[in-house]
Amino acid sequence: MKTADAAGTSRPEFAIPARIPSFIHGQAALCEAGYDIPVINPATEETISHLREADAAQVDAAVRSARDAFEHGPWPRMDVDQRKDVLYGIRDILRANSAELGYLETMNTGLTLANIERHIERMAKNFEFFAEVISTVSGETYTQDSRYLTYVTRQPKGVGAMIAPWNAPLALASMRVVTCIAFGNTCVLKPSEYTPLSIYRMVELMHEAGLPPGVVNLVNGRGAVTGTSLVSHPEIDMVGFTGGTETGKAIMSAAGKALKPAILELGGKSANIIFASADLERALDGALTGIFANNGQQCLAGSRILVQKTIAEEFMQRFAERARNIRVGDPFDSATEIGPLCYRGHMERVLSYAEIARADGARVLVGGERAPGFDRGLYVLPTAVHAPSNRSRVAQEEIFGPFATFLSFDTTDEAISIANDSNFGLVAYVWSDDLPTVMRCSRDIRAGTVWVNTPMMRELRAPFGGFKESGIGRDGMNDSLHFFTEAKTTTIPLTDIPVGSFGRG
Ligand code: NAD
(Lines give C-alpha, C1' and ligand atoms only; values in the text may rest on other atoms or scores of the structure.)
Protein backbone atom coordinates (compact mmCIF):
# COMPACT_ATOMS: atom_id res chain seq x y z
CA MET A 1 0.00 0.00 0.00
CA LYS A 2 1.16 3.51 -0.65
CA THR A 3 -0.33 6.42 1.22
CA ALA A 4 -1.54 9.12 -1.12
CA ASP A 5 0.52 12.27 -1.07
CA ALA A 6 -1.35 15.11 0.60
CA ALA A 7 0.16 17.52 -1.93
CA GLY A 8 -2.31 16.26 -4.55
CA THR A 9 -5.31 17.10 -2.39
CA SER A 10 -7.62 19.71 -3.82
CA ARG A 11 -10.61 19.89 -1.53
CA PRO A 12 -13.26 22.28 -2.74
CA GLU A 13 -15.48 23.67 0.02
CA PHE A 14 -19.24 23.77 -0.17
CA ALA A 15 -21.80 24.19 2.58
CA ILE A 16 -23.21 21.02 4.08
CA PRO A 17 -26.71 21.46 5.52
CA ALA A 18 -26.92 20.73 9.25
CA ARG A 19 -30.07 18.70 8.74
CA ILE A 20 -31.24 16.89 5.61
CA PRO A 21 -35.00 16.85 5.27
CA SER A 22 -37.18 15.14 2.71
CA PHE A 23 -38.39 17.02 -0.39
CA ILE A 24 -42.09 16.87 -1.13
CA HIS A 25 -44.13 18.65 -3.78
CA GLY A 26 -41.25 20.89 -4.80
CA GLN A 27 -40.08 21.91 -1.34
CA ALA A 28 -38.11 20.82 1.70
CA ALA A 29 -40.24 18.88 4.19
CA LEU A 30 -38.96 18.29 7.71
CA CYS A 31 -40.78 15.60 9.64
CA GLU A 32 -41.72 17.36 12.93
CA ALA A 33 -41.43 14.44 15.30
CA GLY A 34 -38.79 12.70 13.27
CA TYR A 35 -35.80 10.65 14.23
CA ASP A 36 -32.33 11.99 13.38
CA ILE A 37 -29.66 9.75 11.86
CA PRO A 38 -26.02 10.94 11.85
CA VAL A 39 -24.45 11.35 8.40
CA ILE A 40 -20.78 10.36 8.50
CA ASN A 41 -17.67 11.25 6.52
CA PRO A 42 -15.98 7.83 6.25
CA ALA A 43 -12.54 9.42 5.79
CA THR A 44 -12.67 10.73 9.37
CA GLU A 45 -15.79 9.11 10.88
CA GLU A 46 -16.93 12.61 11.86
CA THR A 47 -20.63 13.42 11.84
CA ILE A 48 -21.08 15.99 9.10
CA SER A 49 -24.87 16.32 9.13
CA HIS A 50 -28.05 14.66 10.34
CA LEU A 51 -30.75 13.11 8.28
CA ARG A 52 -34.29 13.65 9.55
CA GLU A 53 -36.13 10.41 8.93
CA ALA A 54 -39.48 10.48 7.11
CA ASP A 55 -42.15 8.54 9.02
CA ALA A 56 -45.19 6.81 7.53
CA ALA A 57 -47.24 10.05 7.53
CA GLN A 58 -44.56 11.88 5.59
CA VAL A 59 -44.21 9.02 3.13
CA ASP A 60 -47.96 9.23 2.67
CA ALA A 61 -47.68 12.98 1.90
CA ALA A 62 -44.94 12.26 -0.66
CA VAL A 63 -46.95 9.52 -2.38
CA ARG A 64 -50.05 11.72 -2.47
CA SER A 65 -48.04 14.49 -4.08
CA ALA A 66 -46.79 12.08 -6.73
CA ARG A 67 -50.32 10.74 -7.25
CA ASP A 68 -51.70 14.26 -7.61
CA ALA A 69 -48.95 15.16 -10.11
CA PHE A 70 -49.75 12.01 -12.06
CA GLU A 71 -53.54 12.43 -12.08
CA HIS A 72 -53.76 16.20 -12.50
CA GLY A 73 -50.31 17.68 -13.19
CA PRO A 74 -48.76 18.64 -16.52
CA TRP A 75 -45.99 16.00 -16.59
CA PRO A 76 -47.80 12.93 -17.97
CA ARG A 77 -49.75 15.10 -20.43
CA MET A 78 -46.82 17.13 -21.77
CA ASP A 79 -45.69 16.90 -25.37
CA VAL A 80 -42.64 14.70 -25.60
CA ASP A 81 -40.58 17.66 -26.81
CA GLN A 82 -41.44 19.64 -23.68
CA ARG A 83 -40.60 16.72 -21.38
CA LYS A 84 -37.34 16.24 -23.27
CA ASP A 85 -36.46 19.88 -22.74
CA VAL A 86 -36.90 19.50 -18.99
CA LEU A 87 -34.71 16.37 -18.99
CA TYR A 88 -32.01 18.16 -21.00
CA GLY A 89 -32.31 21.10 -18.61
CA ILE A 90 -31.75 18.73 -15.68
CA ARG A 91 -28.67 17.31 -17.42
CA ASP A 92 -27.28 20.82 -17.87
CA ILE A 93 -27.92 22.03 -14.34
CA LEU A 94 -26.41 18.88 -12.84
CA ARG A 95 -23.29 19.31 -14.97
CA ALA A 96 -23.08 22.99 -14.06
CA ASN A 97 -23.13 22.04 -10.36
CA SER A 98 -20.81 19.07 -10.66
CA ALA A 99 -18.16 20.52 -8.32
CA GLU A 100 -20.67 20.84 -5.47
CA LEU A 101 -22.25 17.44 -6.15
CA GLY A 102 -18.80 15.85 -6.32
CA TYR A 103 -17.80 17.42 -3.01
CA LEU A 104 -20.97 16.26 -1.24
CA GLU A 105 -20.76 12.72 -2.61
CA THR A 106 -17.05 12.33 -1.86
CA MET A 107 -17.56 13.64 1.70
CA ASN A 108 -20.32 11.13 2.33
CA THR A 109 -19.24 7.97 0.46
CA GLY A 110 -15.43 7.89 0.67
CA LEU A 111 -15.28 7.24 -3.07
CA THR A 112 -12.46 9.14 -4.73
CA LEU A 113 -13.36 12.48 -6.26
CA ALA A 114 -11.99 11.30 -9.63
CA ASN A 115 -14.34 8.33 -9.49
CA ILE A 116 -17.30 10.50 -8.48
CA GLU A 117 -16.61 12.84 -11.39
CA ARG A 118 -17.28 9.86 -13.69
CA HIS A 119 -20.48 9.07 -11.75
CA ILE A 120 -21.65 12.65 -12.18
CA GLU A 121 -21.13 12.46 -15.91
CA ARG A 122 -23.03 9.16 -15.90
CA MET A 123 -25.88 10.82 -13.99
CA ALA A 124 -26.03 13.65 -16.54
CA LYS A 125 -25.92 11.10 -19.38
CA ASN A 126 -28.77 9.13 -17.80
CA PHE A 127 -31.06 12.16 -18.21
CA GLU A 128 -29.77 12.87 -21.72
CA PHE A 129 -30.13 9.26 -22.82
CA PHE A 130 -33.72 8.85 -21.66
CA ALA A 131 -34.64 12.22 -23.20
CA GLU A 132 -33.48 10.67 -26.48
CA VAL A 133 -35.25 7.36 -25.83
CA ILE A 134 -38.65 9.02 -25.42
CA SER A 135 -38.27 10.64 -28.84
CA THR A 136 -38.06 7.19 -30.39
CA VAL A 137 -41.18 5.71 -28.80
CA SER A 138 -43.79 4.79 -31.38
CA GLY A 139 -46.95 2.73 -31.44
CA GLU A 140 -48.00 -0.34 -33.40
CA THR A 141 -50.92 -0.97 -35.76
CA TYR A 142 -52.57 -4.27 -36.70
CA THR A 143 -55.08 -5.15 -39.45
CA GLN A 144 -55.36 -8.92 -39.19
CA ASP A 145 -59.07 -8.54 -39.95
CA SER A 146 -59.10 -5.89 -42.66
CA ARG A 147 -62.42 -4.47 -41.45
CA TYR A 148 -60.79 -3.24 -38.25
CA LEU A 149 -57.84 -1.10 -37.30
CA THR A 150 -56.15 -2.05 -34.07
CA TYR A 151 -53.47 0.19 -32.65
CA VAL A 152 -51.29 -0.04 -29.58
CA THR A 153 -50.16 2.96 -27.58
CA ARG A 154 -47.90 3.10 -24.52
CA GLN A 155 -49.07 5.03 -21.51
CA PRO A 156 -47.28 5.86 -18.26
CA LYS A 157 -48.03 3.39 -15.50
CA GLY A 158 -48.47 5.75 -12.56
CA VAL A 159 -46.53 6.38 -9.36
CA GLY A 160 -43.24 4.59 -8.76
CA ALA A 161 -41.43 3.82 -5.50
CA MET A 162 -37.75 4.14 -6.43
CA ILE A 163 -35.21 2.85 -3.93
CA ALA A 164 -31.45 3.28 -4.26
CA PRO A 165 -28.25 2.06 -2.52
CA TRP A 166 -25.19 3.91 -1.16
CA ASN A 167 -22.37 2.60 -3.36
CA ALA A 168 -22.84 5.08 -6.24
CA PRO A 169 -25.66 7.32 -5.01
CA LEU A 170 -25.93 9.87 -7.85
CA ALA A 171 -25.34 7.46 -10.72
CA LEU A 172 -27.77 4.82 -9.43
CA ALA A 173 -30.53 7.00 -7.95
CA SER A 174 -30.61 9.08 -11.15
CA MET A 175 -31.00 5.89 -13.19
CA ARG A 176 -33.90 4.74 -10.99
CA VAL A 177 -35.60 8.13 -11.22
CA VAL A 178 -35.17 8.87 -14.93
CA THR A 179 -36.25 5.45 -16.17
CA CYS A 180 -39.51 6.11 -14.31
CA ILE A 181 -40.26 9.78 -15.01
CA ALA A 182 -39.05 10.00 -18.64
CA PHE A 183 -42.12 8.06 -19.79
CA GLY A 184 -44.53 10.39 -17.94
CA ASN A 185 -44.71 8.65 -14.57
CA THR A 186 -44.15 10.34 -11.23
CA CYS A 187 -42.23 8.91 -8.30
CA VAL A 188 -41.04 8.92 -4.73
CA LEU A 189 -37.32 8.32 -4.34
CA LYS A 190 -35.81 6.81 -1.21
CA PRO A 191 -32.01 6.87 -1.28
CA SER A 192 -29.82 5.03 1.21
CA GLU A 193 -29.87 6.44 4.73
CA TYR A 194 -26.05 6.28 4.65
CA THR A 195 -25.63 8.66 1.70
CA PRO A 196 -28.37 11.31 1.53
CA LEU A 197 -26.16 14.40 0.97
CA SER A 198 -25.65 14.57 -2.78
CA ILE A 199 -29.09 13.15 -3.60
CA TYR A 200 -30.90 15.90 -1.73
CA ARG A 201 -29.01 18.49 -3.78
CA MET A 202 -29.67 16.54 -7.00
CA VAL A 203 -33.42 16.66 -6.34
CA GLU A 204 -33.30 20.39 -5.49
CA LEU A 205 -31.44 21.09 -8.74
CA MET A 206 -33.92 19.04 -10.78
CA HIS A 207 -36.63 21.42 -9.58
CA GLU A 208 -34.51 24.48 -10.34
CA ALA A 209 -34.32 23.11 -13.89
CA GLY A 210 -38.11 23.27 -14.21
CA LEU A 211 -39.35 19.86 -13.07
CA PRO A 212 -42.97 20.38 -11.97
CA PRO A 213 -43.69 19.82 -8.25
CA GLY A 214 -44.71 16.30 -7.32
CA VAL A 215 -43.00 14.52 -10.23
CA VAL A 216 -40.03 13.53 -8.06
CA ASN A 217 -40.48 13.48 -4.30
CA LEU A 218 -37.69 12.48 -1.96
CA VAL A 219 -38.13 10.68 1.35
CA ASN A 220 -35.12 10.08 3.57
CA GLY A 221 -34.82 7.38 6.18
CA ARG A 222 -34.04 3.78 6.99
CA GLY A 223 -35.30 0.87 4.94
CA ALA A 224 -37.25 -0.64 7.82
CA VAL A 225 -39.17 2.60 8.46
CA THR A 226 -39.31 4.86 5.42
CA GLY A 227 -38.65 2.14 2.80
CA THR A 228 -41.30 -0.30 4.00
CA SER A 229 -43.92 2.49 4.33
CA LEU A 230 -43.18 3.49 0.75
CA VAL A 231 -43.26 0.06 -0.88
CA SER A 232 -46.46 -0.98 0.90
CA HIS A 233 -48.31 2.28 0.24
CA PRO A 234 -51.56 1.48 -1.62
CA GLU A 235 -51.09 4.39 -4.08
CA ILE A 236 -47.80 3.01 -5.42
CA ASP A 237 -48.17 1.40 -8.85
CA MET A 238 -44.67 -0.07 -9.34
CA VAL A 239 -41.36 -0.48 -7.56
CA GLY A 240 -37.84 0.07 -8.88
CA PHE A 241 -35.12 -1.17 -6.57
CA THR A 242 -31.32 -1.23 -6.72
CA GLY A 243 -29.70 -2.83 -3.69
CA GLY A 244 -28.92 -6.09 -1.95
CA THR A 245 -30.48 -9.46 -2.77
CA GLU A 246 -32.03 -10.08 0.68
CA THR A 247 -33.65 -6.62 0.64
CA GLY A 248 -34.80 -7.31 -2.91
CA LYS A 249 -36.59 -10.46 -1.75
CA ALA A 250 -38.37 -8.55 1.04
CA ILE A 251 -39.39 -5.80 -1.38
CA MET A 252 -40.60 -8.26 -3.99
CA SER A 253 -42.76 -10.02 -1.37
CA ALA A 254 -44.28 -6.74 -0.19
CA ALA A 255 -44.90 -5.61 -3.77
CA GLY A 256 -46.24 -9.03 -4.78
CA LYS A 257 -48.87 -8.98 -2.02
CA ALA A 258 -50.43 -5.92 -3.65
CA LEU A 259 -49.72 -7.18 -7.19
CA LYS A 260 -47.31 -4.35 -7.93
CA PRO A 261 -44.66 -5.03 -10.57
CA ALA A 262 -41.06 -4.64 -9.44
CA ILE A 263 -37.78 -4.26 -11.26
CA LEU A 264 -34.90 -5.44 -9.06
CA GLU A 265 -31.20 -4.76 -9.68
CA LEU A 266 -29.45 -6.83 -7.01
CA GLY A 267 -26.10 -8.20 -5.89
CA GLY A 268 -23.41 -10.19 -7.65
CA LYS A 269 -20.43 -12.50 -7.26
CA SER A 270 -19.29 -12.25 -10.82
CA ALA A 271 -16.73 -14.53 -12.40
CA ASN A 272 -13.72 -12.92 -14.05
CA ILE A 273 -12.23 -15.72 -16.17
CA ILE A 274 -8.64 -15.45 -17.33
CA PHE A 275 -7.52 -18.00 -19.92
CA ALA A 276 -3.87 -18.67 -20.80
CA SER A 277 -4.84 -17.52 -24.32
CA ALA A 278 -5.47 -13.95 -23.05
CA ASP A 279 -3.35 -10.86 -23.42
CA LEU A 280 -2.19 -11.25 -19.83
CA GLU A 281 -1.08 -7.63 -19.29
CA ARG A 282 -4.54 -6.45 -20.28
CA ALA A 283 -6.20 -9.18 -18.22
CA LEU A 284 -4.16 -8.18 -15.15
CA ASP A 285 -5.23 -4.54 -15.52
CA GLY A 286 -8.79 -5.74 -16.06
CA ALA A 287 -8.78 -8.01 -13.02
CA LEU A 288 -7.47 -5.23 -10.76
CA THR A 289 -9.98 -2.71 -12.13
CA GLY A 290 -12.78 -5.28 -11.91
CA ILE A 291 -12.39 -5.71 -8.17
CA PHE A 292 -10.82 -2.47 -6.90
CA ALA A 293 -12.71 0.21 -8.85
CA ASN A 294 -15.24 2.15 -6.75
CA ASN A 295 -13.42 1.06 -3.56
CA GLY A 296 -14.48 -2.50 -4.44
CA GLN A 297 -18.08 -1.59 -3.61
CA GLN A 298 -19.92 -2.40 -6.79
CA CYS A 299 -22.55 -4.88 -7.84
CA LEU A 300 -20.73 -5.70 -11.06
CA ALA A 301 -17.31 -6.31 -9.47
CA GLY A 302 -15.33 -9.20 -10.92
CA SER A 303 -14.95 -10.60 -7.41
CA ARG A 304 -14.32 -14.28 -8.29
CA ILE A 305 -11.17 -14.36 -10.39
CA LEU A 306 -10.84 -17.72 -12.16
CA VAL A 307 -7.38 -18.28 -13.65
CA GLN A 308 -6.29 -21.17 -15.88
CA LYS A 309 -3.92 -23.41 -13.88
CA THR A 310 -0.94 -23.11 -16.22
CA ILE A 311 -0.68 -19.38 -15.50
CA ALA A 312 -2.45 -19.15 -12.13
CA GLU A 313 0.47 -18.95 -9.70
CA GLU A 314 2.34 -16.28 -11.62
CA PHE A 315 -0.85 -14.29 -12.29
CA MET A 316 -1.80 -14.28 -8.60
CA GLN A 317 1.70 -13.17 -7.58
CA ARG A 318 1.65 -10.31 -10.06
CA PHE A 319 -1.87 -9.33 -8.99
CA ALA A 320 -0.76 -9.27 -5.32
CA GLU A 321 2.29 -7.13 -6.16
CA ARG A 322 0.13 -4.59 -7.96
CA ALA A 323 -2.48 -4.65 -5.15
CA ARG A 324 0.29 -3.91 -2.61
CA ASN A 325 1.18 -0.87 -4.71
CA ILE A 326 -2.34 0.62 -4.73
CA ARG A 327 -2.54 4.04 -3.08
CA VAL A 328 -5.12 3.99 -0.30
CA GLY A 329 -5.96 7.37 1.15
CA ASP A 330 -7.85 10.64 1.22
CA PRO A 331 -10.59 10.45 -1.40
CA PHE A 332 -10.03 14.11 -2.33
CA ASP A 333 -6.38 13.44 -3.21
CA SER A 334 -6.00 12.99 -6.97
CA ALA A 335 -3.30 10.35 -6.34
CA THR A 336 -5.61 8.12 -4.28
CA GLU A 337 -6.87 4.93 -5.93
CA ILE A 338 -8.95 3.53 -3.06
CA GLY A 339 -10.65 5.63 -0.39
CA PRO A 340 -12.29 4.56 2.87
CA LEU A 341 -15.23 2.15 2.89
CA CYS A 342 -18.65 3.70 3.33
CA TYR A 343 -19.50 3.02 7.00
CA ARG A 344 -18.06 1.21 9.99
CA GLY A 345 -20.45 -1.77 10.02
CA HIS A 346 -19.68 -2.38 6.36
CA MET A 347 -15.92 -2.17 6.91
CA GLU A 348 -16.15 -4.65 9.78
CA ARG A 349 -18.16 -7.02 7.62
CA VAL A 350 -15.61 -6.82 4.78
CA LEU A 351 -12.74 -7.49 7.21
CA SER A 352 -14.60 -10.43 8.76
CA TYR A 353 -14.22 -12.23 5.43
CA ALA A 354 -10.44 -12.33 5.90
CA GLU A 355 -11.06 -14.42 9.03
CA ILE A 356 -13.68 -16.52 7.25
CA ALA A 357 -11.21 -17.14 4.41
CA ARG A 358 -8.47 -18.26 6.80
CA ALA A 359 -10.88 -20.53 8.68
CA ASP A 360 -11.96 -22.09 5.35
CA GLY A 361 -8.31 -22.86 4.49
CA ALA A 362 -7.82 -20.07 1.95
CA ARG A 363 -4.38 -18.52 1.40
CA VAL A 364 -4.28 -14.74 1.93
CA LEU A 365 -2.23 -13.36 -0.97
CA VAL A 366 -2.33 -9.72 0.07
CA GLY A 367 -4.12 -7.45 2.56
CA GLY A 368 -6.85 -8.81 4.82
CA GLU A 369 -6.67 -6.04 7.41
CA ARG A 370 -7.17 -2.32 8.02
CA ALA A 371 -4.73 -0.11 6.18
CA PRO A 372 -1.94 1.09 8.48
CA GLY A 373 -0.94 4.73 8.76
CA PHE A 374 -4.38 6.23 9.45
CA ASP A 375 -5.37 7.37 12.90
CA ARG A 376 -9.00 7.54 11.80
CA GLY A 377 -11.18 6.65 8.83
CA LEU A 378 -12.47 3.37 7.43
CA TYR A 379 -9.45 2.35 5.34
CA VAL A 380 -8.94 -1.28 4.32
CA LEU A 381 -6.00 -2.80 2.47
CA PRO A 382 -6.70 -4.14 -1.02
CA THR A 383 -7.15 -7.85 -0.37
CA ALA A 384 -6.89 -11.06 -2.37
CA VAL A 385 -7.23 -14.67 -1.22
CA HIS A 386 -6.80 -17.99 -3.01
CA ALA A 387 -9.81 -20.11 -2.02
CA PRO A 388 -9.57 -23.89 -1.77
CA SER A 389 -12.86 -24.32 -3.64
CA ASN A 390 -15.74 -22.47 -5.22
CA ARG A 391 -17.89 -23.75 -2.31
CA SER A 392 -15.92 -21.58 0.16
CA ARG A 393 -17.94 -18.72 1.60
CA VAL A 394 -15.52 -16.17 0.10
CA ALA A 395 -16.34 -17.62 -3.33
CA GLN A 396 -20.11 -17.67 -2.82
CA GLU A 397 -21.02 -14.59 -0.77
CA GLU A 398 -20.97 -11.01 -1.98
CA ILE A 399 -18.35 -9.18 0.13
CA PHE A 400 -18.78 -5.79 -1.57
CA GLY A 401 -15.34 -4.44 -0.76
CA PRO A 402 -11.77 -4.42 -2.13
CA PHE A 403 -11.59 -8.19 -1.69
CA ALA A 404 -10.78 -10.57 -4.55
CA THR A 405 -11.24 -14.34 -4.36
CA PHE A 406 -9.02 -16.40 -6.68
CA LEU A 407 -9.85 -19.87 -7.97
CA SER A 408 -8.13 -21.94 -10.64
CA PHE A 409 -9.37 -24.22 -13.43
CA ASP A 410 -8.05 -26.54 -16.17
CA THR A 411 -10.53 -26.49 -19.05
CA THR A 412 -13.11 -24.14 -20.55
CA ASP A 413 -15.86 -26.52 -19.39
CA GLU A 414 -14.58 -26.33 -15.85
CA ALA A 415 -14.33 -22.52 -15.97
CA ILE A 416 -17.93 -22.21 -17.17
CA SER A 417 -19.15 -24.68 -14.60
CA ILE A 418 -17.44 -22.76 -11.75
CA ALA A 419 -18.75 -19.45 -13.13
CA ASN A 420 -22.30 -20.81 -13.12
CA ASP A 421 -22.01 -22.43 -9.69
CA SER A 422 -23.34 -19.33 -7.92
CA ASN A 423 -26.69 -18.00 -6.76
CA PHE A 424 -25.85 -14.79 -8.59
CA GLY A 425 -25.65 -14.04 -12.31
CA LEU A 426 -25.15 -10.32 -12.83
CA VAL A 427 -22.12 -10.07 -15.14
CA ALA A 428 -19.09 -12.10 -16.23
CA TYR A 429 -15.70 -11.10 -17.59
CA VAL A 430 -13.84 -13.27 -20.11
CA TRP A 431 -10.21 -12.73 -21.10
CA SER A 432 -9.00 -14.73 -24.11
CA ASP A 433 -7.84 -14.11 -27.68
CA ASP A 434 -9.21 -17.49 -28.76
CA LEU A 435 -12.52 -16.90 -30.52
CA PRO A 436 -14.14 -20.32 -29.92
CA THR A 437 -13.34 -20.03 -26.19
CA VAL A 438 -14.88 -16.56 -26.07
CA MET A 439 -17.99 -17.67 -27.98
CA ARG A 440 -18.52 -20.69 -25.70
CA CYS A 441 -18.30 -18.50 -22.61
CA SER A 442 -20.63 -15.88 -24.07
CA ARG A 443 -23.21 -18.57 -24.86
CA ASP A 444 -23.01 -20.70 -21.73
CA ILE A 445 -22.34 -18.38 -18.82
CA ARG A 446 -25.58 -17.58 -17.04
CA ALA A 447 -25.19 -13.84 -16.47
CA GLY A 448 -26.99 -10.74 -17.71
CA THR A 449 -23.87 -9.21 -19.28
CA VAL A 450 -20.61 -10.76 -20.52
CA TRP A 451 -17.64 -8.44 -20.99
CA VAL A 452 -14.97 -9.85 -23.30
CA ASN A 453 -11.43 -8.47 -22.93
CA THR A 454 -12.78 -5.29 -21.38
CA PRO A 455 -14.10 -4.37 -17.96
CA MET A 456 -17.37 -2.55 -17.25
CA MET A 457 -18.32 -1.04 -20.59
CA ARG A 458 -21.92 0.05 -20.00
CA GLU A 459 -23.96 0.41 -23.21
CA LEU A 460 -27.08 2.25 -22.06
CA ARG A 461 -29.18 1.08 -25.01
CA ALA A 462 -28.60 -2.58 -24.15
CA PRO A 463 -30.43 -4.37 -21.34
CA PHE A 464 -28.64 -4.39 -17.98
CA GLY A 465 -29.69 -6.67 -15.15
CA GLY A 466 -29.12 -10.04 -13.64
CA PHE A 467 -29.94 -13.73 -13.95
CA LYS A 468 -30.89 -15.69 -10.83
CA GLU A 469 -30.58 -13.82 -7.52
CA SER A 470 -28.94 -10.83 -9.23
CA GLY A 471 -32.29 -9.44 -10.17
CA ILE A 472 -35.53 -9.36 -12.07
CA GLY A 473 -36.03 -7.21 -15.14
CA ARG A 474 -33.62 -4.96 -16.99
CA ASP A 475 -32.76 -1.28 -17.34
CA GLY A 476 -32.17 -0.20 -20.94
CA MET A 477 -33.84 1.37 -23.92
CA ASN A 478 -36.64 -1.10 -24.68
CA ASP A 479 -36.71 -2.80 -21.29
CA SER A 480 -37.31 0.41 -19.35
CA LEU A 481 -39.99 1.45 -21.82
CA HIS A 482 -41.80 -1.85 -21.34
CA PHE A 483 -41.55 -1.85 -17.56
CA PHE A 484 -42.52 1.79 -17.00
CA THR A 485 -45.42 1.97 -19.45
CA GLU A 486 -48.64 0.06 -19.96
CA ALA A 487 -49.51 -1.11 -23.45
CA LYS A 488 -53.04 -0.13 -24.45
CA THR A 489 -54.76 -1.79 -27.40
CA THR A 490 -57.57 0.09 -29.15
CA THR A 491 -59.70 -1.49 -31.90
CA ILE A 492 -61.96 0.52 -34.27
CA PRO A 493 -64.15 -0.88 -37.09
CA LEU A 494 -63.39 0.69 -40.48
CA THR A 495 -66.87 0.03 -41.89
CA ASP A 496 -70.35 -0.30 -40.44
CA ILE A 497 -70.01 -3.83 -39.05
CA PRO A 498 -73.02 -5.37 -37.26
CA VAL A 499 -72.30 -6.07 -33.58
CA GLY A 500 -74.83 -8.82 -32.82
CA SER A 501 -78.57 -9.16 -32.55
CA PHE A 502 -79.47 -9.90 -28.91
CA GLY A 503 -83.15 -9.18 -28.26
CA ARG A 504 -84.03 -8.31 -31.85
CA GLY A 505 -86.38 -11.30 -31.96
P1 NAD B 1 -29.54 -2.57 0.78
O2 NAD B 1 -30.35 -3.63 0.14
O3 NAD B 1 -29.14 -2.73 2.19
O4 NAD B 1 -30.29 -1.17 0.70
C5 NAD B 1 -30.71 -0.60 -0.53
C6 NAD B 1 -31.84 0.38 -0.26
O7 NAD B 1 -32.97 -0.34 0.20
C8 NAD B 1 -31.53 1.41 0.80
O9 NAD B 1 -32.10 2.65 0.41
C10 NAD B 1 -32.25 0.85 2.03
O11 NAD B 1 -32.58 1.83 2.98
C12 NAD B 1 -33.48 0.26 1.38
N13 NAD B 1 -34.17 -0.78 2.15
C14 NAD B 1 -33.64 -1.67 3.02
N15 NAD B 1 -34.61 -2.50 3.48
C16 NAD B 1 -35.76 -2.11 2.90
C17 NAD B 1 -37.11 -2.58 2.96
N18 NAD B 1 -37.45 -3.63 3.71
N19 NAD B 1 -38.05 -1.96 2.22
C20 NAD B 1 -37.72 -0.92 1.42
N21 NAD B 1 -36.46 -0.42 1.33
C22 NAD B 1 -35.49 -1.01 2.04
O23 NAD B 1 -28.29 -2.39 -0.17
P24 NAD B 1 -27.06 -1.45 0.04
O25 NAD B 1 -26.19 -2.03 1.13
O26 NAD B 1 -27.51 -0.04 0.14
O27 NAD B 1 -26.32 -1.60 -1.39
C28 NAD B 1 -25.45 -2.63 -1.67
C29 NAD B 1 -26.13 -3.72 -2.47
O30 NAD B 1 -26.69 -3.17 -3.66
C31 NAD B 1 -25.14 -4.78 -2.95
O32 NAD B 1 -25.71 -6.05 -2.79
C33 NAD B 1 -24.99 -4.47 -4.43
O34 NAD B 1 -24.59 -5.56 -5.22
C35 NAD B 1 -26.35 -3.99 -4.77
N36 NAD B 1 -26.31 -3.18 -6.00
C37 NAD B 1 -26.85 -3.69 -7.16
C38 NAD B 1 -26.76 -2.97 -8.36
C39 NAD B 1 -27.30 -3.51 -9.67
O40 NAD B 1 -27.46 -2.72 -10.61
N41 NAD B 1 -27.57 -4.78 -9.78
C42 NAD B 1 -26.15 -1.71 -8.35
C43 NAD B 1 -25.61 -1.23 -7.15
C44 NAD B 1 -25.71 -1.97 -5.97
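This short talk walks through one predicted model, from its domains down to single side chains.

Let's start with the overall layout. The chain is divided into two domains. Domain 1 covers 11-266 plus 470-489. Domain 2 covers 271-452. How far apart are the centres of domain 1 and domain 2? Taken over C-alpha atoms, 31 Å separate them. The two domains do touch. Domain 1 gives 26 residues to the contact, and domain 2 gives 27 residues.

Next, a sheet. Find the open sheet of three strands with the order β2-β6-β5. Its pairing is mixed. As background, strands of a sheet pair through backbone hydrogen bonds, either parallel or antiparallel. Which strands stand at the edges here? They are β2, residues 19-20, and β5, residues 36-41. Each has a single partner strand, so one side of each is left without a neighbour in the sheet.

Now look at β5 beside β6. Strand β6 runs over residues 46-52. The two strands pair in the antiparallel sense, over six bridges. To find your place, look for N41, which stands opposite E46 in β6.

R52 is in β6 and D36 is in β5, so the pair ties together parts that are 16 residues apart in sequence. Is R52 buried or exposed? R52 counts as buried, because its relative accessibility is 12% and buried means under 20%. D36 sits at 24%, so D36 counts as partly exposed.

How many salt bridges does the count come to? The answer is 35. Here are some others.

Take R201 and E208. Their side chains meet at 3.6 Å, N to O. R201 is buried, with a relative accessible area of 15%. E208 counts as exposed, at 53% relative accessibility.

Then E313 and R363. Their closest N and O atoms are 3.3 Å apart. This pair links distant parts of the chain, 50 residues apart. E313 is in helix α10, residues 309-324. R363 is in strand β17, residues 363-366. E313 is partly exposed, with a relative accessible area of 40%. R363 is partly exposed too, at 36%.

Salt bridges can also join up. R67, E71, E235 and D237 are linked in a network of them.

Now a charged residue without a salt bridge. E105 is in helix α3, residues 98-109. E105 is buried, yet has no salt bridge. Which side chain of opposite charge is nearest to E105? It is R118, and R118 is 11 Å away. A salt bridge needs the nitrogen within 4 Å of the carboxyl oxygen. So what does the side chain of E105 make a polar contact with? It makes one with the side chain of S198, at 2.5 Å. Leaving out residues up to four places away in sequence, E105 touches several others, including I116, H119 and P169.

R83 is buried, with a relative accessible area of 6%. Where does the side chain of R83 reach? It reaches the backbone oxygen of A182, at 2.7 Å. R83 also touches the residues I181, F183 and G184, among others, not counting those up to four places away in sequence. W75, P76 and M78 are among its contacts as well. Q144 lies elsewhere: R83 and Q144 are 61 residues apart in sequence and 35 Å apart in space, C-alpha to C-alpha.

Last stop, T449. T449 is in strand β22, residues 449-452. At 14% relative accessibility, T449 counts as buried. Which residues is T449 in contact with, leaving aside neighbours within four places in sequence? They are L426, V427, A428, P463 and F464. Take P463 from that list. T449 and P463 are 14 residues apart in sequence and 8.4 Å apart in space, C-alpha to C-alpha.

To recap, remember two residues. E105 is buried and has none, but its side chain has a polar contact with S198.

Conventions. Residues are numbered from 1 along each chain as its sequence is written. This is a predicted model: local features need pLDDT of at least 70, side-chain atom pairs count only at pLDDT 80 or more; totals for chains, interfaces and linings use all residues. Side-chain values use heavy atoms; hydrogens and water are left out. Helices (H or I, at least four residues) and strands (E, at least two) are DSSP runs, numbered from the N terminus. Buried means under 20% relative accessible area, exposed over 50%, partly exposed in between (1.4 Å probe, protein chains only). Lys and Arg count as positive and Asp and Glu as negative; His and the chain ends are not counted. A polar contact is a pair of N or O atoms within 3.5 Å; within protein, one must be able to donate a hydrogen and the other to accept it, and residues adjacent in sequence count only if both atoms are side-chain atoms. Contact means heavy atoms within 4.5 Å. Two strands pair if DSSP finds at least two bridges between them. Domain bounds come from an automatic or database domain assignment.
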